[in-house]
Amino acid sequence: MSISEIQTRITSQSKRSNRAPESTRLIAVSKVQPIERVRAVVESGHRLFGENKVQEAAGKWPALREEFGDIDVHLLGPLQTNKARQAMELFQAIHSVDRPKLATTLARLKDELGHCPDLFIQINTGREDQKAGIAIEDADDFIAEVRALNLPLVGLMCIPPANEEPSLHFALLRKIAQRNDLSELSMGMSGDFESAVAQGATYVRVGSAVFGERDYG
Ligand SMILES: *Cc1c(COP(=O)(O)O)cnc(C)c1O
């Protein structure tokens, strides 16, 4: 699918769900994709991308920004504290804040650098051992903790388990965000972004549907 077809599907779903189409932004997830494909999407005018790894993003986006001007790139994958500084210099948002140690590191670096990307807390809505994210029952406390550090917390993110109905996870994420007064919801990927829009996503993260299957070879 082209990026404009995906945008059209987001718009249609927004209308069906009585939401303003511009209230959901499309993050084109460019991790592991051949650079020609990424360039083509930048050339088409898209300016919001997602990456999973600091190193990979650092090797890709500075040159593209040099050539095309401002491009927003969001970090979606787990962040090690020793890469936090580099991440804060590279990304406009971090969707994967998932532990107190990372939050305190970000707070220290925010004071040092004088700025901080928008932050999302990742919630492990599926209670999966192999997945990052804060446990559901710890979410409210961790949200309060991040706010107490004066960090620019804007919303929540989740990745539903592969074999479960995603809309239940999206609805749960929305509920946690609502009761904590958080306005941004990062949820929905290639297979389920329409369902995420229906449940109130303000960011959908779509990779393979935009760029084609990833080749990890
Ligand atoms: C890779 C990835 C995506 C995009 O996945 P697709 O299924 O290719 O759309 C979205 N979010 C996160 C956190 C990812 O790691």
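Is Q13 buried or exposed? In this predicted model, Q13 counts as buried because its relative accessibility is 11%, and buried means under 20%. That residue makes a handy starting point for a walk through the structure.

## Starting in helix α1

Q13 sits in helix α1, which covers residues 3-16. If you set aside the neighbours within four places in sequence, Q13 is in contact with E194, V197 and A198. When you look at the model, you can pick out Q13 in helix α1 and then turn to E194, V197 and A198 to see what it touches.

## The largest pocket

Next, let us look at the open space in the model. The largest pocket has a volume of about 330 Å³. It is lined by 20 residues, and K31, N52, I159, M189 and R205 are the closest to its centre. Sorted by class, the lining has eight nonpolar residues, eight polar residues and four charged residues.

## Salt bridges

Charged side chains also pair up elsewhere in this report. A search of the whole structure finds twelve salt bridges. Here are three of them, each with the distance between N and O atoms.

| Pair | N to O distance |
|---|---|
| K60 and E51 | 2.8 Å |
| R108 and E112 | 3.9 Å |
| D140 and R179 | 3.0 Å |

Take the pair K60 and E51, joined by a salt bridge. K60 is buried because its relative accessible area is 9%, which falls under 20%. E51 is buried too, with a relative accessible area of 0%.

How exposed is R108? R108 is partly exposed, with a relative accessible area of 48%. E112 is partly exposed as well, at 46%.

The salt bridge of D140 with R179 has its closest N and O atoms 3.0 Å apart. This pair links distant parts of the chain: D140 is in helix α7 (residues 139-148), R179 is in helix α8 (residues 166-179), and 39 residues separate them. D140 counts as partly exposed, since its relative accessibility of 30% lies between 20% and 50%. R179 also counts as partly exposed, at 46% relative accessibility. Elsewhere, salt bridges that share partners join R39, E43 and E67 into one network.

## A buried threonine in a loop

Where is T125 found? T125 is in the loop between β5 (118-122) and α7. This threonine counts as buried because its relative accessibility is 6%, under the 20% limit. The side chains of T125 and H169 are joined by a polar contact of 2.9 Å. Not counting residues up to four places away in sequence, T125 touches I136, C158, H169, L172 and L173.

## Two residues with positive phi

Which loop holds V32? V32 is found between β1 (25-29) and α2 (35-43). Its phi is near 65°, a positive value in a residue other than glycine. At 27% relative accessibility, V32 counts as partly exposed.

D181 also has a positive phi, of about 60°, although it is not a glycine. You will find D181 in the loop between α8 and β7 (184-186). D181 counts as exposed because its relative accessibility is 69%, over the 50% limit.

Is L182 buried or exposed? L182 counts as buried, with a relative accessibility of 8%, whereas D181 counts as exposed. Leaving aside neighbours within four places in sequence, L182 is in contact with I143, R147, L153, V154, G155, L156 and A177. How far apart are the C-alpha atoms of L182 and D138? They are separated by 16 Å, and the two residues are 44 residues apart along the chain.

How values were computed. Residues numbered from 1 in each chain as written. Predicted model: local features only at pLDDT ≥ 70, side-chain atom pairs only at ≥ 80, totals over all residues. Heavy atoms only, no water. 1 Å grid on protein atoms, 1.4 Å probe; cavity = no way out; pocket = protein on both sides within 12 Å on 5 of 7 lines; lining within 4 Å. Points joined across faces, edges and corners; volume = space filled by probe spheres on them. Nonpolar A, V, L, I, M, F, W, Y, C, P; charged D, E, K, R; others polar. Salt bridge = Lys/Arg side-chain N within 4 Å of Asp/Glu carboxyl O. Buried < 20%, exposed > 50% of the residue type's maximum accessible area, 1.4 Å probe, protein only. Helix = DSSP H or I, 4+ residues; strand = E, 2+ residues; numbered from the N terminus. Polar contact = N/O pair within 3.5 Å; in protein donor to acceptor, adjacent residues only side chain to side chain. Contact = heavy atoms within 4.5 Å.
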